[in-house]
Amino acid sequence: DSGNPAELYEVDAVGNLMTQLKLPKLINTDWEDLAQDNKGNLFIADIGNNSNQRKDLKIYKVNPKTPDNFETIRLSYADQIAFPPLPNERNFDCEATVWYKNKLYLFSKNRSKTNRFVKLYSIPDSEGTYVATSSDSVYSKAMVTAADISPDGKTLALLTYGKVLLFDVEEDLNFNKPRHCIKTGKGQTEAIVFLNNTDFVITNERKAEMWSIKRK
């Protein structure tokens with residue numbers, strides 16, 4: 001997150017630090033979500049935008065085996081005109097990112113009190129400068145803070161403060177098939193990752209706690 005070094009940490013199932021990956025050539029303005037493709041590349045989303053006024057949004061594409069050979073994916077939102085917009089139009093802070101079929105998908109953290117729709121954007125997963133257009137949206141009272149896709153590519157999970165929203169995935173990534181809402185009651189949860197096709201881990205940013213959630 002913002003204010004921290006450009007580093008990634010690998011922990012075990014109970015939170016013990018295993019390895020530390022330092023990335024001195026990268027800048028941590030406001031790192032948020034992580035995503036991974038099917039080739040082992042990590043996508044570090046430096047897109048935290050609490051005030052909705054950043055013009056330097058970027059996602060770093062890094063292979064942990066060769067961290068110095070990274071790519072920078074720069075982006076902006078097609079529907080953002082003002083920096084920042086009016087308070088009731090501030091829906092350009094995307095803290096959730098997933099990789100799916102050679103694209104990166106971003107989900108807005110619906111901060112506006114009058115506009116509670118989570119917007120879905122997509123951009124290519126390779127180096128370049130892109131203007132992201134919103135392709136879908138879904139209403140949510142809770143703000144989306146992280147996302148992940150199950151290993152079989154059939155389930156999209158959106159994490160919020162207190163809930164996990166699950167959607168079925170078919171050919172395209174969208175909100176057409178909501179499946180389930182799981183209440184967690186775990187406070188300021190801001191990270192989620194699937195362990196397998198049904199179970200996942202979530203973490204609480206403030207309390208530095210981690211939970212495994214198993215679905216039947």
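Predicted model: local features only at pLDDT ≥ 70, side-chain atom pairs only at ≥ 80, totals over all residues.
I found it in strand S1, which covers residues 7-11.

Tyr9 belongs to a nonpolar patch together with Val11, Leu17 and Met210. I noted about 370 Å² of accessible area for the four together.

On to the sheet. Which strands form it, and in what order? I read the order as S11-S12-S13-S14, an open sheet of 4 strands with antiparallel pairing. At the edges I have strand S11 (144-149) and strand S14 (178-183), each of which pairs on one side only. I wrote down an average twist of 20 degrees from one strand to the next.

I zoomed in on one pair. Strand S13, residues 163-168, runs antiparallel to S14, and I count 5 bridges between them. Which residue of S14 stands opposite leucine 166? I found histidine 180 there.

Last, the cysteines. How many disulfides does a search of the whole structure find? I got 0. As a reminder to myself, a disulfide is a covalent bond between the sulfur atoms of two cysteines.

Cysteine 94 has a relative accessible area of 0%, so I call it buried. Cysteine 181 comes out at 36%, so I list it as partly exposed.

Methods. Residues numbered from 1 in each chain as written. Heavy atoms only, no water. Pairing = 2+ DSSP bridges. Helix = DSSP H or I, 4+ residues; strand = E, 2+ residues; numbered from the N terminus. Axes fitted to C-alpha atoms, helices over the stretch in contact; angles between N-to-C directions. Patch = residues over 30% accessible without salt bridge, like charges linked within 9 Å, V, L, I, M, F, W, Y side chains within 5 Å. Areas by Shrake-Rupley, 256 points an atom, 1.4 Å probe, with all protein chains shown as cover. Salt bridge = Lys/Arg side-chain N within 4 Å of Asp/Glu carboxyl O. Disulfide = S-S within 2.5 Å. Buried < 20%, exposed > 50% of the residue type's maximum accessible area, 1.4 Å probe, protein only.
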